[in-house]
Amino acid sequence: MNALAATNRNFRLASRLLGLDSKLEKSLLIPFREIKVECTIPRDDGTLVSYVGFRVQHDNARGPMKGGIRYHPEVEPDEVNALAQLMTWKTAVADIPYGGAKGGIGCNPRDLSKSELERLTRVFTQKIHDLIGIHTDVPAPDMGTNAQTMAWILDEYSKFHGHSPAVVTGKPIDLGGSLGREAATGRGVVYATEALLAEYGKSIKGMTFVIQGFGNVGSWASRLIHEKGGKVIAVSDITGAVKNPKGIDIPELLKHKEATGSLKSFSGGDSMDPNEVLVHECDVLIPCALGGVLNRENAADVKAKFIIEAANHPTDPEADEILSKKGVIILPDIYANAGGVTVSYFEWVQNIQGFMWDEEKVNQELKKYMTRAFHNIKNMCQSHDCSLRMGAFTLGVNRVARATILRGWEA
């Protein structure tokens with residue numbers, strides 16, 4: 001099932017549980033605005049090349065729309081639509097005053113030089129500059145984009161609208177980025193894990209973890225789990241996979257990856273088949289890479305007791321059912337990976353006030369937001385007698401529906 005169908009399905013289940021009016025349900029599902037632009041740039045060799053850029057602005061009932069921009073060959077309208085909708089529910093679950101959006105360009109950033117990426121980003125910004133803004137729609141980095149991409153968007157946007165640091169988040173620190181933003185999603189995953197384990201009288205210390213995906217989120221989550229005394233026993237990314245039943249020395253693995261660009265030939269563990277990582281014996285499995293990795297083919301073989309969805313939509317609905325029957329506890333993506341957007345919100349607040357926080361305050365506030373959101377989800381689970389996923393969806397959808405009604409959507 002593709003991401004859009006799965007997201008719509010979860011939304012419909014949540015709206016039934018909440019007893020939403022069918023007209024309101026339809027209104028919440030339809031995006032506010034969908035933008036598709038052609039971006040033509042000269043390559044370094046002088047030839048012209050065209051890419052298609054998208055921005056889906058899903059809902060702004062609770063505040064400016066917010067969401068990442070990804071550069072990936074598979075960026076297409078359905079996926080962007082699903083992710084924009086997920087952002088609407090995610091910001092509502094975290095209780096930050098935003099709506100949802102998502103964007104991207106269908107390109108392979110690895111095939112483009114730095115100057116080509118800059119030209120592409122600037123052309124994309126020129127095409128959408130009058131549709132984004134501090135109080136309208138605030139982009140952020142996503143797959144294939146980073147702080148540098150945000151710096152280019154900020155610069156291009158400022159040519160039209162004057163100095164506007166709050167127009168994007170995830171910027172370099174020197175341009176008004178927030179301390180703690182780079183680690184925020186991974187750190188949020190760890191706070192979410194702590195909140196869930198505490199419900200079962202457990203803590204990270206002494207538990208075994210498997211991390212699938214060792215990019216920004218996976219590497220930060222691994223590092224913080226390691227610091228808290230958790231045992232990371234297997235890690236994988238596109239370059240390979242490593243396991244060590246005694247626990248991997250994460251700082252050493254990070255150094256190795258920095259030096260070689262790969263997980264291969266790491267001396268502190270044995271290499272393994274990356275496909276085996278998801279079904280490796282462990283207490284907690286954390287998928288941090290692409291969507292749809294847990295599906296009906298492998299769900300029955302998953303041995304973890306807890307799954308923390310650090311990636312967007314890593315579990316197919318079919319896998320969800322299989323895992324629930326097995327008694328696996330799944331912490332859903334719209335809550336588990338909300339640390340990034342929460343610290344993006346802190347960055348936006350700091351930019352608007354022109355007053356920056358120290359890193360300790362950022363992390364403290366993040367822990368407060370993640371812990372509070374978990375307890376709100378648990379309350380919804382009790383009210384509606386449902387799974388954590390439906391608890392999170394009913395919480396998010398209910399908040400957006402209430403804001404929509406209060407604003408007078410039928411007038």
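In strand β5, Pro-141 is the bridge partner of Ile-69. This is a predicted model, in which local features need pLDDT of at least 70 and side-chain atom pairs count only at pLDDT 80 or more, whereas totals for chains, interfaces and linings use all residues. Residues are numbered from 1 along each chain as its sequence is written, and side-chain values use heavy atoms, with hydrogens and water left out.

Strand β3 (residues 65-71) and β5 run parallel and are joined by five bridges; strands here are DSSP E runs of at least two residues and helices are H or I runs of at least four, both numbered from the N terminus, and two strands pair if DSSP finds at least two bridges between them. The open sheet to which they belong has five strands in the order β1-β2-β4-β3-β5, with mixed pairing. Its edges are formed by β1 (33-42) and β5 (137-141), each of which has a single partner strand, so one side of each is left without a neighbour in the sheet. From one strand to the next the twist averages 20°, with axes taken as lines fitted to C-alpha atoms and angles running from 0 to 180 degrees between N-to-C directions.

## Lys-102 in strand β4

Strand β4 (residues 99-105) contains Lys-102, which the UniProt annotation "active site" covers in an unreviewed entry; such annotations may be inferred rather than shown by experiment. Lys-102 is buried, with a relative accessible area of 4%. Leaving aside residues up to four places away in sequence, its contacts include Phe-54, Arg-55, Gly-68, Met-87, Asp-142 and Asn-312, contact meaning heavy atoms within 4.5 Å.

## Thr-91 in helix α3

Thr-91 is found in helix α3 (residues 77-93) and is buried, with a relative accessible area of 0%. The side chain of Thr-91 reaches the backbone oxygen of Tyr-98 at 3.1 Å. Residues up to four places away in sequence not being counted, Thr-91 touches Arg-62, Ile-96, Tyr-98, Gly-99 and Val-341.

## Helix α12

Helix α12 (residues 359-384) has 26 residues and reaches 38 Å from its first C-alpha to its last, close to the 38 Å expected at 1.5 Å a residue, the expected span being 1.5 Å times one less than the number of residues. Among the buried residues of α12 are Val-362, Leu-366, Tyr-369, Phe-374 and Cys-381. Just after α12, Asp-385 takes a positive phi of about 50°.

Technical notes
Buried means under 20% relative accessible area, exposed over 50%, partly exposed in between (1.4 Å probe, protein chains only). A polar contact is a pair of N or O atoms within 3.5 Å; within protein, one must be able to donate a hydrogen and the other to accept it, and residues adjacent in sequence count only if both atoms are side-chain atoms.
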